[in-house]
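These are my notebook entries on one chain, written down in the order in which I looked things up.

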Amino acid sequence: MGKRVMIVDDSRVVELQMKKMLQDTDYEIAAYCHDGEMALAQYGEIMPDLVTMDIIMPGMDGLETSRAILKKYPDARIIMVSSLAYDDTIDEANSIGIKTFIYKPLDKGQLLLALETASGED
């Protein structure tokens, strides 16, 4: 059975890119969340195997959302996705328990490798 992925990103373009990239792979998109609040509300119902989390979103940003998810669900496997990543952002992401980090624009090989890494399949 494939891994279930929750995509948290306010960009419809990213949503469509990921849908296309994950088509015909072992990953199934379980939910799209366009902001952190929606991700927090749906995580417990969906219980995805993996989460891709944009950093910059309206309302709660990705780091704050990840922190809240990991506090309630310490086994959550979150991958940060961003076009704007600085060393201090990456350090903060690592310190709160983010499994790996990928950069936009997205690349299918990079995305699949990040999902495998976060799954512990590397």
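Predicted model: local features only at pLDDT ≥ 70, side-chain atom pairs only at ≥ 80, totals over all residues.

Entry 1: The side chain of Asp54 meets that of Lys104 in a salt bridge, with 3.2 Å from N to O. This pair links distant parts of the chain, since Asp54 belongs to strand S3 while Lys104 sits in the loop between strand S5 and H5, 50 residues apart.

Entry 2: How many salt bridges does the structure hold? I found four. In general, side chains of opposite charge can pair when their charged atoms come close. Arg67 and Glu92 form one of these bridges, and their closest N and O atoms are 2.5 Å apart. Here too the pair links distant parts of the chain, with Arg67 in helix H3 and Glu92 in helix H4, 25 residues apart. Arg67 is partly exposed at 36%, and Glu92 is partly exposed at 33%. I also noted that salt bridges with shared partners join Asp9, Asp54 and Lys104 into one network.

Glu15 and Arg12 form a further bridge, with the closest N and O atoms 2.7 Å apart. These two residues are three places apart in helix H1 (residues 12–22), so about one helical turn separates them. The general rule behind this is that an α-helix has 3.6 residues a turn, so residues three or four places apart point the same way. Glu15 counts as buried, at 8% relative accessibility.

Entry 3: Which residues of H4 are buried? I listed Thr89, Ile90, Ala93 and Ile96. They lie on the same side of H4, because they cover an arc of only 130 degrees around the axis. The face turned away from this buried side carries the exposed residues Asp87, Asp88, Asp91 and Ser95. When I asked what covers the buried residues of H4, the list included H3, S4 and S5. After H4 comes Gly97, whose phi is positive, near 110 degrees.

**Entry 4: the nonpolar cores.** The largest nonpolar core has 22 residues, and those touching the most other members are Met6, Val8, Val51, Met53, Ile78, Met80 and Ile98. At least two residues of this core come from each of S1, S2, H2, S3, H3, S4 and H4. A second, separate core of 17 residues includes Ile102, Leu106, Leu111 and Leu112.

Leu111, which is in helix H5 (residues 108–119), is buried with a relative accessible area of 0%. Leaving aside its neighbours within four places in sequence, Leu111 is in contact with Met18, Met21, Leu22, Thr52 and Ile102.

**Entry 5: aromatic pairs.** I counted two aromatic pairs. Tyr43 and Tyr73 form a tilted pair, at 4.8 Å centre to centre and with 45 degrees between the planes. Tyr43 is in helix H2 and Tyr73 in the loop between H3 and S4, 30 residues apart, so that this pair links distant parts of the chain. Tyr43 counts as buried at 4% relative accessibility, whereas Tyr73 counts as partly exposed at 21%. The rings of Phe101 and Tyr103 have centres 5.4 Å apart and planes at 50 degrees, so this pair is tilted as well. Phe101 is buried at 15%, and Tyr103 is partly exposed at 36%.

Entry 6: I looked up the confidence last. The chain averages a pLDDT of 92, and 96% of the residues score at least 70. Confidence is lowest in H4, at a mean of 84, and highest in S1, at 98.

Definitions and conventions
Residues numbered from 1 in each chain as written. Heavy atoms only, no water. Core = buried A, V, L, I, M, F, W, Y, C linked by side-chain atoms within 4.5 Å. Buried < 20%, exposed > 50% of the residue type's maximum accessible area, 1.4 Å probe, protein only. Helix = DSSP H or I, 4+ residues; strand = E, 2+ residues; numbered from the N terminus. Contact = heavy atoms within 4.5 Å. pLDDT = per-residue confidence, 0-100. Arc of directions from axis to C-beta. Phe/Tyr/Trp six-rings, centres within 6.5 Å; stacked < 30°, edge-to-face > 60°.
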